[in-house]
Amino acid sequence: MAPGVTLASFIRQRCTAFDDNQVCPKCAELIEIKNRSEARKIPQRSTKLCTLCQNDQDAIALAAKKAKAAELERQLVEYVGKQLTRTVDYSALSDGQALLLLALDRAVTPRLTNGGFRVGDCRGLAPRYVGDFMLQLREAGLVVDNPS
Ligand SMILES: [Zn+2]
């Protein structure tokens, strides 16, 4: 043994222990245990899966997570694409919307029409309720929301 290595860790690196009293609920194989406190005195079905079944389950969960992330990314790209192709008919604006847009233009000049800005940049829009005003503009389709 190398100096500084305890006998217990030396054995733990080379040996695998299985409890005869615990079986996997899925495949009925013996359950691997890491220490004496995990061993059971009477035979019972384990609440955890054996190593192989756990690896299979983890692989399925990982694949599902990756598929979900890919789907989310696809939806995000589609959403951003739709947002960027929207057009606004400024002649159809209400007076309130026009006033809000003018105030927003002053608050974030010159980024309203030729760049991006964050809601936090719009503090100059109004003394209070900036988020509500921005929500009105977003819901009317006058401000494009780009998550990226
Ligand atoms: Zn199993």
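These legends go with a set of views of one predicted model.

**View 1**
Residues are numbered from 1 along each chain as its sequence is written. The C-alpha trace spans about 80 × 40 × 25 Å along its principal axes. Its radius of gyration is 30 Å, whereas a compact globule of 148 residues would come in near 15 Å (taken over C-alpha atoms, with the globule rule being 2.2 Å times the number of residues to the power 0.38).

**View 1. Elements and confidence along the chain.**
Count them up and you get 5 helices and 3 strands (DSSP runs numbered from the N terminus: helices are H or I with at least four residues, strands are E with at least two). Starting at the N terminus, the order reads α-β-β-β-α-α-α-α. The average pLDDT, the predictor's confidence in each residue from 0 to 100, is 88, and 100% of the residues score at least 70.

**View 3**
The 3 strands make an open sheet ordered β2-β1-β3, with mixed pairing (strands pair if DSSP finds at least two bridges between them). Since β2 and β3 sit at the edges with a single partner strand each, one side of each is left without a neighbour in the sheet. Strands β1 (residues 17-23) and β2 (residues 30-33) run antiparallel, joined by 4 bridges; look for Asp19, whose bridge partner in β2 is Ile31. These two strands form a hairpin with 6 residues between them, and Ala28 in the turn has a positive phi of about 65°. On the β3 side (residues 44-45), β1 runs parallel and is held by 2 bridges. Here Gln22 has Gln44 as its bridge partner, and Val23 stands opposite Arg45.

With 34 residues, α2 reaches 49 Å from its first C-alpha to its last, close to the 50 Å expected at 1.5 Å a residue (that is, 1.5 Å times one less than its number of residues). The helix is hardly covered: its count of buried residues is 0.

Thr85 is in the loop between α2 (51-84) and α3 (95-108). Is this residue, Thr85, buried or exposed? Thr85 is exposed, because it has 8 other C-beta atoms within 10 Å. Asn55 is 30 residues away from Thr85 along the chain, and their C-alpha atoms are separated by 45 Å. The protein is split into domain 1 (7-81) and domain 2 (88-139), with bounds that come from an automatic or database domain assignment. Taken over C-alpha atoms, the centres of domain 1 and domain 2 are 52 Å apart.

Note on methods
Predicted model: local features only at pLDDT ≥ 70, side-chain atom pairs only at ≥ 80, totals over all residues. Buried ≥ 20, exposed ≤ 12 C-beta atoms within 10 Å, placed from the backbone.
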